[in-house]
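Colleague: I am new to this one. Please take me through the terms as we go.

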Amino acid sequence: MLSEATYTLSEKLALLAGSISHILPELILSAAFLLMIVFEISIGKKNKKVVPLTGLAGILLSLAAVILLWDSEATVKTLKIEEEPFLGMIRNDGFAGFFKILFAVSGVLTLLFSMQNKKLRSESRGMGEYFIVILGMTIGLHFMSMATNLLMMFLAMEMVSLPSYILTAYARLNQKSAEASIKYVIYGAFSSGIMLFGLSYLYGITGTLDPSSAAFAQNLNAAGAFPVTFVLLLVLGGFAFKISAVPFHFWAPDVYQGASWPVAAFFSVAPKAAGFAMLIRFLDFLPVESNPALKSNLIIVLGLMALVGMTLGNLSALRQENFRRMLAWSSIAHSGYMLLGVACFSLLGNAAVLFYLAVYTVMTYAAFMAAGWLEEQTGSGRFEDYRGLAQGIPLFVILLSILMVSLTGLPPTGGFIGKLDIFLALGEQYQETGYGLLLLLLVAAILNTVVSLFYYLKPPVYMIFKNPSIKVIPRFHGLAAWILAILTIPVLWLGILHFDVLVNFLQGLLLNLSS
Amino acid sequence: MTLTLLILIPLIGLLAILVLPKKHENLIKQIALGATVLQMVWFLAQVLPVAMQGGTGEFIIEEEARWLSLSLGSLGSLNIHYHLGIDGLSLVLLLLSVMIFPIATLASFSIKRRIKTYFALILLLNLSIIGCFMALDFFLFYLLYEFMLLPMFFLIGVWGGERREYAAIKFFIYTLFGSVFMLLIMLGLSFSFIDPAESAVLAGLVDSAENATPEIIAQIQQQLAACQLPGEFQAHTFDITLMSETVNGGLANIVPGSIFDYGSTLLGFNARILAFLVLFLGFAIKIPVVPLHTWLPDAHVEAPTPVSVLLAAILLKVGGYGILRICYSIFPEGGLVFADWIAFFGVLSILYGALLAMHQKDLKALIAYSSISHMGFVLLGIASMEPSGINGAVFQMFNHGIVSAALFLVVGVIYDRTHDRTIANYSGLWTKMPRYTVAVLIAFFASMGLPGLNSFVSEMVVLFGSVNSAGLSHWFSILAVLGILFAAVYYLRTFRQMFFGSFGYYGSEGHGRALSDLTSRESLLLFPLCLAMIVLGLVPSLVLDLMDVSISDFTVRIGELSQSFIDLRGSTIPCP
């Protein structure tokens, strides 16, 4: 948009100044970010609570701002270029708002638990920077959910990636942590490079960085399906890295196991949600309806990524003996399920992905939390060492079992409804288009659900069926108990009641997404 | 509320148990027993009398409330209702369930470990099974059907025998495998049928679904059949009654050109036939049908006595019920197309189960295999698609419930005393345990189909049906009779070994002295079951009359429907 310079500099500045109100939540986060730095170098060393509490306040305030600024009506049709924030670089709509809520929930939980985490607190150089980096990452996540310009998308993604590397490596004396972060950096740099390469070709083909412009669609259609698919494949590489989809998933198991558990939990939900937000927006700009060849190519590509992701993730998770590593592989499988919804290219499919993400955020965060809590209490991450825990901490085991049932996708839980929605979307597209691949994907996804049962049952089976092996039985109480219980409520609630309200609401958000 | 209360009573009991501290073990047991007894009383006092006055084939009592409404974009909406109902078929199985549950709960009083969790799970199992027998919305049915697995999984896995973990996981995986395919069919069904009343609301003809008159409904159905109902006015439904509603011999509410319309194909096969097959496979695992039966002996042998009772007496019946309520109601032509195969697998189960039972050394395994054999009659009866065959099948389910409950209790009696179930280790129990011997005698004779006892009647009625059936070969009936003969062999042989001759116990030292006659609690458990076997053997009409009308209506309807489908297959033109 900026390249189509029909405005003078002063006009541009005026437009930019007018857009400031659109990024109020991000401004609040930035202010908190700066305040945290100031506190860290002034009073942070004496009072260790000040920095994280500032961060918490910042996230909560920005959440309030998101809700106040809620705008589900921001469509391209109604807005002229002058009215779009930052000349069309970002769009502050209800779609982005939904994701910002997810980021806020996971961000608040991460800050809370990091404050309590013993391993992190024993870190010699203190925790201040750690919280600051989390906040910086949250700002990047916000921009990922709003970006509507190719350049902006790339920049927002990098703004998330760099803090991720730092957070992974934060426990630098831990060998696992160091190894994980190196892997992360290498894969991250590689996939960013590929994506940037793809974006440059995309610019070459279309002559614009603004995918909402008419020229973008026209030039893509003019270029023929094969080269465009190839270029899009490169761009998808970057997205695949963020959502830990095959074949850019290799970093996930190491990072989820090596990082401290609040960070692992945060990584498994927030950047993934942001990646899907950007992916859905990006694919929505593509002229799939006027270009059936491109659409069917993309369905094949996304469908294959989903199929391999689900299968590989599940089969690898089967072999894991470490709780967190198992969750990591299973989250790769979950990305596969969600990609199925994206591959539908329909309102129903995208709404299903959003719903799935909402449930996924809650249940995965809770599952990581449970795994991390067990690791802290027992000093081991292996299922072997959790034998017979049900006799000591029955409430914990019940909550964990509910979460595992939901992750498998069995009723009556939100995880089941998430899968059902995705399957419904596939069914609808099959009925509409008669495209046999969709049906095969559906069958594969359902079979994968059965496979996933084998490993999700492992923790409850060890804890309930086996005879106890540990002498010291941990006590399950306090903040961890409350939060785990609270996180389980929506998982059950969305499995039985009112999920239709949420799905219909999400469809409404998506209706206003595209041009 | 009459029906909802049947679910609410165990739910309230469950909540009461959950809030009680662990140490009140006796109170917890009493609450669980109280809830199941109350449920039985409510059923006998409020549901059964109303149902018996019914006499038409319609659903006698129905309860319906809107639950969820999901927007499907260009395909209108998907409505899910909380819809419960009872007809003759569900009435009989509910009667069985509410009678067996108090018995199983009382039998559970001997459970020693983790009392609170155990009884909570029993009540959870109770409410999902009872709900499943009443659910008339496919979504609700599926939810409860899947949910049933979880309490059963834990009941076997925690309180079971040595290989409990293996047995529990095997049980879970097998049945889940069957039910995920049910999910696949459910997805297809969600696009294939509409609720005419709700569609009238979407189309703006009436302001609420309750106000839709029969004329308006007929108008909507005509528009639908003529492809004049646009997608956004279609309110899709999971309601089983709407899915099987007929008009002029065809389905009234099917969306033309949808996944499960007459001529639709999936991957080159007729979609409806394929759907029947997939659903049938899921339920066949539950029944279980040979060769999908291998989870059952493991689960039975490892499960504690009361859980075995529930598994054999009630849980297996959900499979048979599902075949009738779901497969034959929605895709009846599958029953016609596969009649021979279904009968074949029924007879295979009868014979193979009986042959395996003959070679068991463990008494509980013997009874588990005989269960497979007797459930084979259910399949044979259903395959006939004759009123007598299906009547016999449902009655056989009822009788097998009573008899197998008694049989597993009987095994539990000696297992409690000696922790040994090896048949060869016992002899001459007659001398030391006379009351026990009488109970075993009645249960064994009933199970082998001796005239005068209940299973004889149901097996005969099934055989009448299969002989009368136009489609089935007579060979099926002849071979099935062989199964009865086999049953006589293994039961009589076992009885001779264990009860005749002079008393002896050849297992580990010292346990033989523990073999005393039935306690009063055990007598209390076995007496009603034995009484029921005799009474129903003499007056089978007590149960048969409850379902007779429903089932003949059902048979006529699926007969007509399946014929019209066979005639119409491939001849309809999908909408442009």
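Colleague: What makes A:Lys183 and A:Asp254 a salt bridge?

Modeller: This is a predicted model, where local features need pLDDT of at least 70, side-chain atom pairs count only at pLDDT 80 or more, and totals for chains, interfaces and linings use all residues. Residues are numbered from 1 along each chain as its sequence is written, chains are lettered from A and ligands numbered from 1 in the order in which they are written, and side-chain values use heavy atoms, with hydrogens and water left out. Now the pair. A salt bridge needs a side-chain nitrogen of Lys or Arg within 4 Å of a carboxyl oxygen of Asp or Glu. The closest N and O atoms of A:Lys183 and A:Asp254 are 2.6 Å apart, so the pair meets the rule.

Colleague: Why does the pair tie together parts that are apart in sequence?

Modeller: A:Lys183 lies in helix H8 (residues 175-206) of chain A and A:Asp254 in helix H11 (residues 251-258) of chain A, so the parts they join are 71 residues apart in sequence. Helices here are DSSP runs of H or I with at least four residues, strands are runs of E with at least two, and both are numbered from the N terminus.

Colleague: What is in the contact, then?

Modeller: Contact means heavy atoms within 4.5 Å. By that rule, 43 residues come from chain B and 40 residues from chain A.

Colleague: How much area do chain B and chain A bury between them?

Modeller: About 3900 Å², with 77% of it on carbon and sulfur atoms. Buried area is the accessible area (1.4 Å probe) that two parts lose on being put together, summed over both.

Colleague: Which elements give two or more residues to the side of chain B that touches chain A?

Modeller: Strand E1 (61-71), helix H5 (138-147), helix H6 (149-159), helix H7 (164-189) and strand E6 (265-266) of chain B. H7(B) gives the most, with 14 residues.

Colleague: Where is the cis peptide bond that ends at A:Pro412?

Modeller: The bond runs from A:Pro411 to A:Pro412, with omega near 5 degrees. A:Pro412 lies in the loop between helix H16 (394-408) and helix H17 (414-433) of chain A.

Colleague: What about the bond from B:Val290 to B:Pro291?

Modeller: That bond is cis, with omega near 10 degrees. B:Pro291 is in the loop between helix H11 (271-286) and helix H12 (295-302) of chain B.
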